[in-house]
Amino acid sequence: MKVALIGATGFVGSALLEEALQRGHHVTALSRDPSRLAPQDHLSAVQADVLDAAQVARAVAGHDIVLSAYNAGWKNPDLHDEFLRGTRAIIEGVKQAGVKRLLVVGGAGSLYVAPGVQLVDTPDFPAEWKQGALAAREALEMVRREAELEWTFVSPAILLEPGPRRGGFRLGGDDVLMDGDQPGRLSVADLAVAIVDEVEHPQHVRRRFTAAY
């Protein structure tokens, strides 16, 4: 497949890039600085500012699916607002390009820990992650309003970590996946497996899913 990838140099995006290429897909990576991406077979790096819908549209035109692992940067003082600006521009650019499938990687903060209670609203949610989690929750609602896109939203396990590609995990919907009385864990490599599985065999069109061991 022809896959356009946003955020290819980030924690999740780099794992997605490796998994997609390993499976033989042709990947176009959008980046403000394409030189940060080492040349690889089946990889094209194009310069694009994802805050600009027109640049997104030009870069993703002709692709089968757009994967967005966009993150405005955890140390960005404008993280919340810039995350939402980027999400809006990506959605608009994808629509302008006529691409129907969009998969957005968000956070675990919008998963439910109890009826009507999302993780980001719990008292012990870490302050340093809160603005990003709130923005990702708003991004989920933004995506859910898009009737013309065949969208999917992915929330990783609460504990998303570096680690090996094991290939075995559970899938869930809008609720946090637990491991007994502990939060579920997942390696970023296996999150990439779950996402590329969804690219190849869509099971969650216009739905959110999560994954954990």
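Predicted model: local features only at pLDDT ≥ 70, side-chain atom pairs only at ≥ 80, totals over all residues.
Q: What radius of gyration does the chain have, and what value would a compact globule have with 213 residues?
A: The C-alpha atoms fill a box of roughly 45 × 35 × 35 Å along the principal axes. For 213 residues, a compact globule would have a radius of gyration near 17 Å, and the chain agrees with this, its own value being 16 Å.

Q: What percentage of contacts between residues at least 6 apart in sequence join residues at least 24 apart?
A: A contact here requires heavy atoms within 4.5 Å. Among contacts in the chain between residues at least 6 apart in sequence, the share that joins residues at least 24 apart is 71%.

Q: What percentage of the 213 residues is buried, and what part of the accessible surface belongs to carbon and sulfur atoms?
A: Taking buried as under 20% relative accessible area, such residues make up 51% of the 213 in the chain. The accessible surface comes to about 10,100 Å², and the part belonging to carbon and sulfur atoms is 49%.

Q: Which element gives the most residues to the lining of the largest cavity?
A: A search of the whole structure finds one cavity of 30 Å³ or more, and the largest cavity holds about 70 Å³ of space. With four residues, the element that gives the most is α3.

Q: How does the lining of the largest cavity divide by class into nonpolar, polar and charged residues?
A: Among the residues that line the largest cavity are Ser68, Thr87, Phe83, Ile90, Leu102 and Val143. By class, the lining has eight nonpolar, two polar and no charged residues.

Q: Which element supplies the largest share of the lining of the largest pocket?
A: The largest pocket has a volume of about 1,200 Å³. Elements that each supply at least two residues of its lining include α1 (11–22), β2 (26–31) and α4 (127–144). The largest share, four residues, comes from α4.

Q: Which residues lie nearest the centre of the largest pocket?
A: The lining of the largest pocket divides into 28 nonpolar, eleven polar and six charged residues. Of the 45 residues that line this pocket, those nearest its centre are Val12, Ala69, Tyr70, Asn71 and Trp74.

Key: Residues numbered from 1 in each chain as written. Heavy atoms only, no water. 1 Å grid on protein atoms, 1.4 Å probe; cavity = no way out; pocket = protein on both sides within 12 Å on 5 of 7 lines; lining within 4 Å. Points joined across faces, edges and corners; volume = space filled by probe spheres on them. Nonpolar A, V, L, I, M, F, W, Y, C, P; charged D, E, K, R; others polar. Rg over C-alpha atoms; globule rule 2.2 N^0.38 Å. Buried < 20%, exposed > 50% of the residue type's maximum accessible area, 1.4 Å probe, protein only. Areas by Shrake-Rupley, 256 points an atom, 1.4 Å probe, with all protein chains shown as cover.
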